[in-house]
Amino acid sequence: MTRAVPKHRQPVVVGIHALPYSKDMRMTERRSGALAILGALADAGLTPTDVDGLVRYGWEKTTEMEMTRNLGVPNLRVFGDVDFGGGAGPVVLGHACEAIELDHADVVVAWRARNRSSGGRPWAGQLLAEGQDQFERPQGLIRPSDGMALHARYWMHRYGWKSEDFGLVAVTQREHAHRNPMALMQQPMTIDDYLAARMISDPLRLFDCCLETDGALAMVVTSAARAADLDVAPVYVTGYAMGSGPDPYGMTFFYGDELGVTPAKYVAPELWRNAGLSPADIDVCQFYDAFTPQIPICFQEFGFCAEGDAPAYMRSGDAPLYNTSGGGLSEAYVHGFNILVEGVRQIRGTSTTQVDGARHCLATGGNVVPTGALVFSKEPW
Amino acid sequence: MTASASEAPFPLPVADADTQPFWDATVQRRLVAQHCAACGKWIWQPKPVCPRCHALDVPWEEVHGDGTVASWTVIRPPVLPAFQPSVPFVIMLVALDDAPGVRMVGQLVDEQGALLVTDGVAEGLAMGASLGLRWREQGEVILPAWQLVPPADAPRS
């Protein structure tokens, strides 16, 4: 395909880093974020003096301004944050890619540091319900799992999906986690274990829900020209996209005309157009997984299978492996940033559940909020 | 079995100028939603202008509020302390009969509007089941809630 961006400005991931995950990291998110960024820069053979762009999740407590002064970054030519919780990951990376392509910056770092375990549950303290929340929280619709449960029930009704279909996701990702020394959940789990666990928000059981983790990760994006000077295996960003869909809400995306659709359905065509690829080109997927139902709905909304057919497709052997680190369900939940970092590992060939010869990896953000997706690739445009 | 009162604070709706008419109506136990006079679109949640035809003033209109179950979940621990005495309880996505396209969130209650401590099984909760509007007091707030009713003689509130 013809591209407006010259090949030497193709965005390339040259550094990744994850601090060890835990239930209590015993440091501030300011410090863990700084350590993650320093680690990712060291991975790339770069230092903070090379950085001229910082992008972050809107929910990241440490701003670009504070991180700039804490790390001694000389000057930011590009900065910005993206709201909407776990939808932000691929979107901040998309903005990093735009900056690289447009030659507005040379080294852009994205990070996520979150003490989501030791810092408590965000929903537990939100007693003043403003905006969309005023019609939800007083009714008891408070936790992210509650919003997802209303989607999941509807998808089960519409498509005939069963609890075992969601359990397949939980069990599969636990198997992946078992091979990953960094993963917090190492115990084997059977479908019977899954079904025996207590309900949280019917039809969602305990193991349909992601972990609650302290974690910090970072990723360094530069241009193909700059990457050529670095002693790292480049991971090319072949395409990226973001999308809101119509009438979007955070987690409760069910007031609009099309009940059952998520913003990912609007991201998908933009992604494939921007990447010049199709689902058939994808060797491995990293789907944002705060909850198991997000995996089948993503498989069908990104066009891997027909609407409603995702569970059969996932059992068919035709589906690419997904969430190979164990994901948010069994490795760690760091607002989906560990999903993105695992995507880079698959292209580097360093995953603990490596897909042999993986050339293209799809990585997505939380799909029931405005969200995004990227394709990491072995080869340049 | 209905829930007992709790000392812990419930989440409080914080109204603003765009949503105040909804909360004012709830005090009178009237359910209202925006209904665009220009293009006929029912709008939920409240919006400052009509998102379809961009009419600048979108009037509020009372609805009878009966509807059907578009989806539901059962809330179980861990929950806010205020809701702890009430678990398990049912939250539904309610498609309103006389405001096409409007789906509101509300709890499953009894005839008097008291929150039911239930997983909905005994009440016969199901997708598409008929619901009658009730009103539930939660501290100083009056919230719309819904009771499962027979489809043939769904009572008007």
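Analyst: What follows starts with the sheet, then turns to the helices across it, a loop residue beside it and the contact with the other chain.

This is a predicted model, in which local features need pLDDT of at least 70, side-chain atom pairs count only at pLDDT 80 or more, and totals for chains, interfaces and linings use all residues. Residues are numbered from 1 along each chain as its sequence is written, while chains are lettered from A and ligands numbered from 1 in the order in which they are written.

The open sheet of chain A has 10 strands in the order E3-E2-E4-E8-E1-E9-E13-E12-E10-E11, with mixed pairing. Strand E3 (78-82) and strand E11 (321-322) of chain A stand at the edges, and each has a single partner strand, so one side of each is left without a neighbour in the sheet. Helices (H or I, at least four residues) and strands (E, at least two) are DSSP runs, numbered from the N terminus, and two strands pair if DSSP finds at least two bridges between them. Within the sheet, strand E4 (residues 107-115) and strand E8 (residues 214-223) of chain A run antiparallel and are joined by nine bridges, with Trp111(A) opposite Ala218(A) in E8(A).

Helix H1 (residues 29-44) of chain A lies across strand E1 (11-18), E4 and E8 of chain A, at about 40° to E8(A). Helix H8 (residues 264-275) of chain A, in turn, lies across strand E9 (235-243), strand E12 (360-364) and strand E13 (371-377) of chain A, at about 140° to E9(A). For these angles, axes are lines fitted to C-alpha atoms, for helices over the stretch in contact, and angles run from 0 to 180 degrees between N-to-C directions.

In the loop between helix H3 (88-101) and E4 of chain A sits Ala105(A), which is buried, with 23 other C-beta atoms within 10 Å (buried: 20 or more such atoms; exposed: 12 or fewer; partly exposed: in between; C-beta atoms are placed from the backbone). Leaving aside neighbours within four places in sequence, Ala105(A) is in contact with residues including Arg77(A) and Val78(A), where contact means that C-beta atoms, placed from the backbone, lie within 7 Å.

Between the chains, 32 residues of chain B are in contact with 30 residues of chain A, and E5(B) gives the most to the side of chain B that touches chain A, with six residues. Strand E5 (residues 128-129) of chain A pairs with E1(B) in the parallel sense over two bridges, and Leu128(A) stands opposite Leu12(B) there.

Notes. Two residues are in contact if their C-beta atoms, placed from the backbone, lie within 7 Å.
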